[in-house]
Structure formats: structure tokens, C-alpha cells
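Subject: A structure for you to look at

Hello,

Here is the structure I promised to send. Please open it first, then read my notes below.

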Amino acid sequence: MMKKIIVVFSMFCITLSMYASKVDTLLVHSEIMNKTIKNVIITPESYTNNGKAFSVVYMLHGAGGNYAAWLGKAPDIKAYADTYQVIIVCPDGAKTSWYFDSPIDDAMKYETYISKELVSKIDKTYNTLADSKHRAITGYSMGGHGALYLTFKHQDIWGAVASMSGGVDLRPFPKNWDLEKRLGVYATNQENWEQNTVINMVHLLDGKDLKILFDCGVDDFFYDANVRLHKKLLERNIPHDYIERPGGHTNAYWSNSIKYHMVFFNDFFKANLKTD
């Protein structure tokens with residue numbers, strides 16, 4: 001009986017140690033949209049306001065989600081903050097913002113919010129290593145598009161980017177996920193669609209410093225677009241890591257994929273710490 005009690009107690013202690021990080025909700029006022037936005041912040045157990053500074057990983061949710069979506073889809077991210085000694089930021093990107101500044105809706109300016117207002121607030125509020133060498137971003141689905149979109153346009157902000165199941169070409173889906181509300185009807189607003197879809201933004205890359213990883217399940221409706229992005233990057237000689245594996249557009253796929261993204265980011269951060 002005593003052995004059973006010891007085993008149970010040990011398992012309980014292991015569970016506690018896995019989630020020793022701290023989860024908070026940070027309210028950030030967006031000047032450009034004139035509203036207050038919620039963001040999940042996960043700090044490692046070792047974090048102190050006056051202690052060492054930490055690298056930061058931003059995680060974007062998909063369409064229909066919110067700032068708390070990652071905690072439900074991949075609860076292990078709480079442990080990853082401790083394992084990799086990073087601060088994790090999960091912004092609210094509205095249900096269907098697509099993380100760009102909408103050219104037709106002034107209430108949807110999430111590119112400016114995340115790349116300028118939120119990053120600035122995080123660096124002022126927390127003890128961060130506040131430069132692109134120690135800042136990374138990833139996301140699933142709409143968030144995968146968002147991570148690549150934001151980084152391609154703001155390589156001075158993020159030095160590493162990853163995407164899982166990302167909607168990297170919006171044009172095949174003109175009637176889906178409120179895209180018409182963000183970009184206008186495709187037939188009469190084609191330029192908006194062409195300029196704000198990731199696969200058309202490869203020209204912004206010089207292939208030098210930015211670290212890129214993206215993956216997609218072979219049963220995903222975004223699979224074809226991810227394959228085309230991979231081929232386009234190869235044609236332009238842009239270094240990147242691309243992975244495809246069995247799976248669809250599912251929580252199970254994303255909770256597995258984020259494990260590899262965190263290893264990718266950890267290698268990036270470690271390499272830069274050696275050169276600091």
C-alpha cells in the first residue's frame with residue numbers, strides 16, 4: 001500500500017513540475033483599433049522581473065479561435081515555456097482578422113497591433129531579449145498564414161518563423177472565413193487578394209538571415225498551397241525547412257506539430273545566444 005502511495009505522489013509531483021510555468025492574461029490597448037485586446041502570457045517558473053531576460057515565442061490562433069485557443073489545443077505549451085526557457089505570447093487575433101491590416105475595414109488592423117503595439121508592450125512589461133534574434137512566431141491555419149505574413153513584412157521584428165497547416169494562398173477560398181469582409185469581393189478587389197496572400201510575398205525574402213519552417217498534413221485542404229510555397233522558395237533559393245506528414249486540419253496534428261516548432265526555435269535562440 002505504501003509503495004502505491006509513493007508512486008501516486010511521485011506522479012503528482014511530476015505533473016506539477018511539468019506545469020510550473022505561470023499563465024496570465026495581459027490586456028493591451030490598441031490605439032489603431034481603439035479597443036482593449038486580451039493576450040495569454042506564459043512565463044517560465046524561473047522568470048523574475050529583475051532576473052535574466054528571455055526570448056519570446058508568439059503563437060497565433062486559427063479562424064474562429066481566440067487568445068486562449070492554444071491552451072485548449074496544445075496544453076503542453078505550458079511545459080514548453082519551462083523546457084525551453086522562453087516567454088510565450090498568444091495574442092487574440094479576432095475570429096477572422098487574418099492578421100493583416102484590412103484595406104477595407106479600419107476595425108481590423110491586426111498587422112499593426114501585433115507587429116508594433118503588442119511587441120512593444122511585451123518588451124516594456126516583461127524582461128525580454130528585445131530584438132529579432134530572440135523573437136519567433138508561429139501559428140496554425142489562419143495563424144500559420146499570419147505568422148508568415150507578419151514575418152515576411154517585418155523581418156526586423158522576428159528572426160524565426162514557423163507555420164502549421166497555414167492558409168498560405170487565400171485566392172482559392174474567396175467565399176470562406178470572412179475573407180470577403182477583410183479584402184473585398186475577389187472579382188472587384190483582386191489586387192487586395194494578390195497583395196495579402198503569403199505565396200505572393202516571397203519577393204520580400206533575401207534568403208540570408210530569416211529562419212523559416214512550415215509543415216502541413218497531406219490530408220489538409222491547405223496542403224496543395226503549402227507544396228506550392230515550398231516549390232516557390234526552392235526556385236528562389238530561399239533556405240527553409242518544409243515538412244509534410246500524415247494528418248488533416250486537426251487539433252491532433254497541431255499539438256504534435258508545435259513540438260517540432262519549439263525545437264526549431266530553441267536551436268535558433270541558442271545559436272544567437274552564443275554570438276551575443
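Start with Val185. It is partly exposed, with a relative accessible area of 40%. (Buried means under 20% relative accessible area, exposed means over 50%, and partly exposed lies in between, using a 1.4 Å probe and protein chains only.) Val185 sits in the loop between helix 6 and helix 7 (190–195). Leaving aside neighbours within four places in sequence, Val185 is in contact with Glu180 and Trp193. (Contact means heavy atoms within 4.5 Å.) Its C-alpha atom is separated by 24 Å from that of Gly65, 120 residues apart along the chain.

Some ground rules. This is a predicted model: local features need pLDDT of at least 70, side-chain atom pairs count only at pLDDT 80 or more, and totals for chains, interfaces and linings use all residues. Residues are numbered from 1 along each chain as its sequence is written, and side-chain values use heavy atoms, with hydrogens and water left out.

The whole chain

The chain has nine helices and eight strands. (Both are DSSP runs, numbered from the N terminus: helices are H or I with at least four residues, strands are E with at least two.) The radius of gyration is 19 Å, close to the 19 Å that the globule rule gives for 276 residues, so the chain is as compact as a globular protein of that length. (The radius is taken over C-alpha atoms, and the rule is 2.2 Å times the number of residues to the power 0.38.) Of the 276 residues, 52% count as buried. Take the contacts between residues at least 6 apart in sequence: 74% of them join residues at least 24 apart.

The sheet

In what order do the eight strands of the open sheet lie? The order is 1-2-4-3-5-6-7-8, with mixed pairing. (Two strands pair if DSSP finds at least two bridges between them.) Strand 1 (22–30) and strand 8 are the edge strands, and each pairs on one side only. From one strand to the next, the twist averages 20°. (Axes are lines fitted to C-alpha atoms, for helices over the stretch in contact; angles run from 0 to 180 degrees between N-to-C directions.) Helix 9 (residues 251–275) packs on this sheet, and strand 3 (55–60) and strand 6 are among the strands it touches. Its direction makes about 170° with that of strand 6.

Strand 2 (residues 35–43) and strand 4 (residues 86–91) run antiparallel, joined by four bridges. There, Ile42 has Ile88 as its bridge partner.

Strand 3

Six of the six residues of strand 3 are buried, so this strand is largely enclosed by the rest of the structure. Both faces are covered: Ser55, Val57 and Met59 are buried on one side, and Val56, Tyr58 and Leu60 on the other. Strand 3 runs parallel to strand 4, with four bridges. Val57 is bridged to Ile88. Strand 3 also runs parallel to strand 5, with five bridges. Here Val56 stands opposite Arg135.

Strand 7

Six of the seven residues of strand 7 (residues 211–217) are buried, so it too is largely enclosed by the rest of the structure. Five bridges join it to strand 6 (residues 160–164), and the two run parallel. Ser163 has Phe214 as its partner. Strand 7 also pairs with strand 8 (residues 241–245) in the parallel sense, over five bridges. Cys216 stands opposite Glu244. From strand 7 the chain crosses through helix 8 (residues 223–235) to strand 8, in a right-handed β-α-β crossover. (With the strands pointing away from the viewer, right-handed means that the path from the first strand over the helix to the second runs clockwise.)

The cores

Which residues touch the most other members of the largest nonpolar core? They are Tyr58, Ile212 and Leu229, out of 56 residues. (Such a core is a set of buried Ala, Val, Leu, Ile, Met, Phe, Trp, Tyr and Cys residues joined through side-chain atoms within 4.5 Å.) A second, separate core of 28 residues includes Met59, Ile88, Cys90 and Trp254. In soluble globular proteins, nonpolar side chains tend to be buried together.

Ser165 and Asn237 are worth a look. Ser165 has a positive phi of about 55° although it is not a glycine. Ser165 is buried, with a relative accessible area of 0%. Asn237 has a positive phi of about 60°, and it is not a glycine either. Asn237 counts as exposed, at 67% relative accessibility.

Best wishes
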